[in-house]
Amino acid sequence: MEKVATGESEVVAEVVSPTATPAKPSGSGSGSGSSGSGTCFFDMVPCVVPYDPSWPRLFEEEKAFLIDSVFASADTKPLITHFGSTSVPSMVAKPIIDIQVLTDEMPPSHTTLHNLHAAGYRTRTVVDVPQDTYMRFDKGDPIVTHCLHLRHTQRNADGWHSNLVLRAYLRTHPEEVQRYSNTKLSILQQPQLQPPQQQQTTSESGAEGSEDRKIGVTMIEYRDQKQAVVCDLAQRAREWAAAGNYTP
């Protein structure tokens with residue numbers, strides 16, 4: 001299970017999620033970790049790609065779908081925003097659209113849960129965080145394409161705000177975008193970016209004829225090794241906002 005914090009440390013711009021490649025291929029195919037099949041989340045190999053200008057459009061399309069379908073029966077329409085690395089121009093990122101939803105309906109009603117599952121979202125286990133505060137859902141199997149983060153309007157508003165401050169800070173500081181991108185590439189030791197399909201082919205075929213050989217860092221290693229840079233960026237973003245540079 002993945003432990004996700006909801007305080008200041010959660011301003012991780014990019015919540016680590018399975019995107020493509022299992023470290024140890026299995027006969028059942030490449031599971032996503034959210035579907036319960038295939039390879040364990042922590043053993044999967046992350047893949048980052050160059051910034052894609054279509055990501056904001058994909059978010060807006062999913063936002064409209066969520067409002068019209070998933071949350072259509074809600075008494076009050078939730079606030080829905082795009083955050084994470086796919087929301088920052090020029091940032092290399094895992095090709096996952098991170099969406100945060102601020103709502104009073106936590107935990108979500110049976111109708112909302114049904115609508116989420118019908119739309120292809122699967123509940124992702126989050127430990128040590130009550131479901132009336134925060135819940136996460138992944139969409140896409142075997143390759144996750146969207147991560148939806150439900151937050152309570154009062155009990156988890158700080159996490160919502162911190163993510164938006166960090167997004168605004170990165171959007172106005174291209175040198176920090178470059179620093180964070182370089183950190184990701186350095187950890188993954190990818191001299192050249194590869195599309196997810198190519199990385200998956202490489203992973204599934206194995207290296208040097210061995211299916212048991214570890215290919216690259218795992219998700220948990222990737223998350224942990226970039227955490228220092230993420231926390232530094234979060235602190236800089238808070239100071240920048242406190243100086244009056246951020247307008248919600």
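The side chains of R236 and D232 meet in a salt bridge, with 2.8 Å from N to O, where a salt bridge is a side-chain nitrogen of Lys or Arg within 4 Å of a carboxyl oxygen of Asp or Glu. This is a predicted model, in which local features need pLDDT of at least 70 and side-chain atom pairs count only at pLDDT 80 or more, while totals for chains, interfaces and linings use all residues. Residues are numbered from 1 along each chain as its sequence is written, and side-chain values use heavy atoms, with hydrogens and water left out.

- R236 and D232 both belong to helix α7 (residues 227–245), where four residues, or about one turn of the helix, lie between their positions; helices (H or I, at least four residues) and strands (E, at least two) are DSSP runs, numbered from the N terminus.
- R236 is partly exposed, with a relative accessible area of 39%, and D232 also counts as partly exposed, at 28% relative accessibility; buried means under 20% relative accessible area, exposed over 50%, and partly exposed in between, with a 1.4 Å probe and protein chains only.
- Through salt bridges that share partners, E176, R179, D232 and R236 are joined into one network.

- R57 and E61 meet through their side chains in a salt bridge of 3.0 Å, N to O, and because they are four residues apart in helix α1 (residues 55–70), about one helical turn separates them.
- R57 counts as partly exposed at 46% relative accessibility, and E61 counts as partly exposed at 44%.

- Strands of a sheet pair through backbone hydrogen bonds, either parallel or antiparallel.

**Strands β6 and β8**

- β6 pairs with strand β8 (residues 134–139) in the antiparallel sense, over four bridges, and R122 stands opposite D138 in β8.
- D138 also meets R124, side chain to side chain, in a salt bridge of 2.8 Å, N to O; because D138 lies in strand β8 and R124 in strand β6, the pair ties together parts that are 14 residues apart in sequence.

- β5 (97–103) is largely enclosed by the rest of the structure, because seven of its seven residues are buried.
- I97, I99, V101 and T103 point one way from β5, whereas D98, Q100 and L102 point the other way, and all of these residues are buried.
- With β4, β5 pairs in the antiparallel sense over five bridges, and V101 in β5 is the bridge partner of I80.
- With β9, β5 pairs in the parallel sense over seven bridges, and H152 in β9 is the bridge partner of T103.

**Helix α3 and residue R167**

- R167 has its place in helix α3 and counts as buried, at 19% relative accessibility.
- When its neighbours within four places in sequence are left aside, R167 is in contact with T81, H82, F83, S87 and V88, contact meaning heavy atoms within 4.5 Å.
- The side chain of R167 reaches the backbone oxygen of H82 at 2.6 Å.
- R167 and A237 are 70 residues apart in sequence, while their C-alpha atoms are 8.6 Å apart in space.

How values were computed. Two strands pair if DSSP finds at least two bridges between them. A polar contact is a pair of N or O atoms within 3.5 Å; within protein, one must be able to donate a hydrogen and the other to accept it, and residues adjacent in sequence count only if both atoms are side-chain atoms.
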